[in-house]
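Have your viewer ready and your selection tool at hand. We will go from stop to stop, and at each one you will hear what to select and what is there.

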Amino acid sequence: MAADTAAIAIPSSVVDAKRRNARDARADGLFRWIVAAAGFFVLLTLTGAALSMLWGGREALSTFGFSFLWSTDWDAVNHKFGALVPIYGTLVTALIAMLIAVPVSFGIALFLTEVAPNWMRQPVGAAIELLAGIPSIIYGMWGLFVFVPIMGEYINPWLNDHIGTWPVIGALFRGPPLGIGMLTAGIVLAIMVIPFISSVMREVFLTVPTRLKESAYALGSTTWEVVWDIVLPYTRSAVIGGIFLGLGRALGETMAVTFVLGNAHRLSASLLEPGNSIAATIANEFTEADSDIYRSSLIALGFLLFVVTFIVLSFAKLMLNRLSRQEGVK
Amino acid sequence: MSDVSERLYRKRRLINAWNLVASGACAAFGIFWLVWILWTTLKTGIAAMKPALFYEMTPPPGSDGGIANALFGSLVMSLGAILIGTPIGVAAGTYLAEFAKKRAIGEAIRFVNDILLSAPSIVLGLFVYTLVVRQTGHFSGYAGALALALIVLPVVVRTTDEMLQLVPSQMREAALSLGVPQWKVTLQVLYRSALPGIMTGILLALARISGETAPLLFTALNNQYWTNDLNSPMASVPVVIFQYAMSPYESWHSLAWAGAFVVTVFVLLLSVLSRAILLRNKVSND
């Protein structure tokens with residue numbers, strides 16, 4: 001530092017200045033290379049993860065071929081593995097989660113942007129976001145020790161007696177009152193993704209120009225009509241993006257689901273039966289896998305999960321970008 | 001005629017009132033779970049707290065003990081993850097904000113980073129397993145730290161990128177016009193002004209990894225004993241919680257709740273702290 005000031009204070013010879021310029025240019029070039037390398041490291045991480053799992057799962061994928069996708073076998077003794085049960089469990093639990101979380105998140109976003117008095121918005125919003133900060137293992141423990149007994153004792157028998165007797169959809173709600181199962185996992189997942197979806201919705205609802213809303217109010221719209229006919233269409237793509245962001249989370253969530261899903265490799269129509277999901281299968285069985293083909297099958301499952309979440313999250317990102325682009329154009 | 005419009009008006013008002021009340025119910029629904037989960041964790045956790053937690057090792061089935069080795073393992077691996085993830089993340093964020101702001105490559109990296117941000121953490125665990133554990137032939141604390149670093153990375157990249165973009169361009173131009181080279185402008189002017197934001201990002205990343213279980217399951221594995229050796233399997237609080245909560249033993253359950261309590265309090269403190277840093281910074285900017 002002292003040397004620099006001295007160099008500035010005394011008008012040095014042209015040679016000195018040239019040398020300094022060259023030095024600065026070299027340092028700048030080096031700096032640029034370092035940060036660019038770090039940037040590419042991010043790209044490398046994602047592609048590396050995909051390729052390494054494809055590589056790790058190659059044995060399972062080449063042995064079982066496409067039947068890996070729709071076989072329900074999961075037999076460690078005879079080395080026969082199929083992914084259908086975990087895929088089914090993953091999709092069903094995520095679907096239940098979205099059925100609950102999407103309307104609730106919309107309600108929360110509506111409440112925080114249009115309904116709640118001003119003094120309430122900040123603390124309620126912070127509380128909902130706090131829900132996102134709780135580690136998933138806490139959800140899992142709470143689910144196992146607190147929520148599962150309640151499901152088993154009250155909710156499952158009630159569902160059995162009431163909805164279980166209905167035609168067609170009754171089959172979904174008939175089952176033993178175990179408490180653990182796909183419905184429980186779906187509900188816990190819903191609680192976990194609500195803060196993600198609602199915070200995206202809330203943010204994009206706030207971007208709607210006040211002029212637009214006020215013109216609707218001036219025409220005599222009620223608050224609900226403004227939200228449903230003005231705010232929602234204006235932010236549609238970003239809202240869909242937020243929903244898919246939540247879906248991506250729900251598909252890949254591991255610990256909370258592992259605790260309450262029951263780890264049962266059985267395909268059952270009832271939501272009250274224990275099942276399995278891709279992430280839960282990997283978490284439960286990976287360290288116990290005693291043969292190469294077993295381990296490879298689990299890694300292949302991870303690869304499937306990666307591909308699915310990649311597609312879902314990419315779609316979410318594209319939809320979210322669409323709104324900001326539309327904002328920029330105006 | 002006016003009767004019809006009166007009825008329509010009343011119907012619209014009713015729908016409106018119903019939906020607004022429902023939205024309030026949704027917010028109450030969200031807060032209900034938060035309170036329930038936190039209350040359970042705090043109540044059961046405090047009941048399970050004891051001094052031995054912090055100086056005794058994880059016990060074999062059925063006997064009493066603490067989680068000192070797990071706390072130490074979590075601490076070491078989290079710090080390691082921050083030490084690996086932060087420099088790379090800050091550098092990558094700098095690249096995005098300062099060198100590739102509007103370029104296609106910048107957009108691509110941002111896209112991938114956002115996906116990494118919400119990618120399932122168990123997948124990152126599998127990645128590190130094939131990359132490190134498979135190659136070295138054993139589970140290790142290093143592998144655990146690396147897996148956690150991959151979770152830290154996108155958080156830090158994102159916040160650094162955003163915070164640097166918030167720095168007014170006049171600041172860059174003023175410094176550059178004095179003849180300061182760009183690396184010096186970045187290190188001494190931009191980072192200084194974006195520091196609170198970047199710190200927040202690091203704290204948020206720390207909060208996120210301190211409860212992460214899935215990536216540690218098959219990288220650091222677990223260890224019943226104290227170990228200073230990062231090259232051997234290491235215990236961590238979340239993995240111990242997982243193992244103990246799934247067990248049939250009452251004493252293990254209570255240790256798991258104590259661990260859950262410690263993790264939850266730590267995570268909540270971190271998120272309050274990071275909020276405070278951001279808020280203070282906002283006020284000073286105004």
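Start by selecting Ser23(B), which lies in helix α1 of chain B; helices here are DSSP runs of H or I with at least four residues, strands are runs of E with at least two, and both are numbered from the N terminus. This is a predicted model, in which local features need pLDDT of at least 70 and side-chain atom pairs count only at pLDDT 80 or more, while totals for chains, interfaces and linings use all residues. Residues are numbered from 1 along each chain as its sequence is written, chains are lettered from A and ligands numbered from 1 in the order in which they are written, and side-chain values use heavy atoms, with hydrogens and water left out.

Is Ser23(B) buried or exposed? Ser23(B) counts as buried because its relative accessible area is 1%; buried means under 20%, exposed over 50%, and partly exposed in between, with a 1.4 Å probe and protein chains only. Now show what surrounds this serine. Setting aside neighbours within four places in sequence, Ser23(B) is in contact (heavy atoms within 4.5 Å) with Gly107(A), Leu110(A), Phe111(A) and Val115(A).

**The interface**

Those partners belong to chain A, so widen the selection to where the two chains meet, a contact defined by heavy atoms within 4.5 Å. The contact takes in 77 residues of chain B and 82 residues of chain A. The size of an interface is often given as the accessible area lost when the parts come together. Here chains B and A bury about 7100 Å² between them, with 80% of it on carbon and sulfur atoms; this is the area lost to a 1.4 Å probe, summed over both parts.

Next, pick Arg275(B) and Glu129(A). Their side chains meet in a salt bridge at 3.1 Å, N to O; the rule asks for a side-chain nitrogen of Lys or Arg within 4 Å of a carboxyl oxygen of Asp or Glu. Across this interface the rule finds 3 salt bridges.

The residues on the chain B side divide into 52 nonpolar, 18 polar and 7 charged; Ala, Val, Leu, Ile, Met, Phe, Trp, Tyr, Cys and Pro count as nonpolar, Asp, Glu, Lys and Arg as charged, and the others, Gly among them, as polar.

**Chain B as a whole**

Chain B has 10 helices and 0 strands. The C-alpha trace of chain B spans about 80 × 70 × 35 Å along its principal axes. Of the 286 residues in chain B, 55% are buried.

**Two backbone angles**

Most residues other than glycine have a negative phi, and most peptide bonds are trans. Leu221(B) sits in the loop between α8 (214–217) and α9 (237–245) of chain B, and counts as partly exposed because its relative accessibility is 25%.

Bring chain A back and go to His79(A), where phi is near 55°, again a positive value in a residue other than glycine. His79(A) is in the loop between β1 (74–75) and β2 (80–81) of chain A.

**Last stop**

Finish at Leu212(A), in helix α9 (residues 210–218) of chain A. Not counting residues up to four places away in sequence, Leu212(A) touches Ile230(A) and Tyr234(A).

Technical notes. Buried area is the accessible area (1.4 Å probe) that two parts lose on being put together, summed over both.
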